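Here is a short report on one part of a protein model.

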Amino acid sequence: QLELVESGGGLVQPGGSLRLSCVGSGSSLHMSAVGWFRQAPGQEREGISCINMSDGKTYYTDSVKGRFTISRDNAKNTVYLQMNSLKREDTARYYCAKVSCTWIGPVYLDAWGQGTLVTVSS
């Protein structure tokens, strides 16, 4: 029933910024957690951040900590990922999903979207 749609990706220069959105429909996320993952060609999908929708507790993997900020708007059933100081190695397709958000990071539960492509290049 739950569907997630990611948007906001695009082409940016190193050092630039993007804000990704993850919009849920069909089911409320407010009692759940949402995570962001990314996958570059030939690489495994990596969980990079998550947020508990009830209390706002967040997790970031070391490679994005201090540069990316996850936030949520429960009224809009939406989660955002603000990405600053982007590096070429951030280039990947970014996905959101319903997750378990713990100290070890996001663990997938349900509802991968199609993803949104982020390309960091000069």
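Arg38 has Tyr94 as its bridge partner in strand 9. The model is a predicted one. Strand 4 covers residues 33-39, and seven bridges join strand 4 to strand 9. Strands 4 and 9 run antiparallel.

## Strand 9 and strand 11

Strand 9 also pairs with strand 11, which spans residues 116-120. Three bridges link strands 9 and 11, and these strands run antiparallel. Find Arg93 in the model: Leu117 in strand 11 stands opposite Arg93.

## Strand 9 and strand 10

Now turn to strand 10. Five bridges hold the pairing of strand 9 with strand 10, again in antiparallel fashion. Ser100 has Val107, in strand 10, as its bridge partner. A hairpin connects strand 9 to strand 10 through two residues.

Strand 9 runs over 92-102 and strand 10 over 105-110. The loop between strands 9 and 10 contains Trp103.

## The surface patch

Is Trp103 buried or exposed? Trp103 is exposed, because its relative accessible area is 76% and the cut-off for exposed is over 50%.

Which residues make the nonpolar surface patch? Trp103, Ile104 and Val107 make the patch, which covers about 390 Å².

Notes. Residues numbered from 1 in each chain as written. Predicted model: local features only at pLDDT ≥ 70, side-chain atom pairs only at ≥ 80, totals over all residues. Heavy atoms only, no water. Patch = residues over 30% accessible without salt bridge, like charges linked within 9 Å, V, L, I, M, F, W, Y side chains within 5 Å. Areas by Shrake-Rupley, 256 points an atom, 1.4 Å probe, with all protein chains shown as cover. Salt bridge = Lys/Arg side-chain N within 4 Å of Asp/Glu carboxyl O. Helix = DSSP H or I, 4+ residues; strand = E, 2+ residues; numbered from the N terminus. Buried < 20%, exposed > 50% of the residue type's maximum accessible area, 1.4 Å probe, protein only. Pairing = 2+ DSSP bridges.
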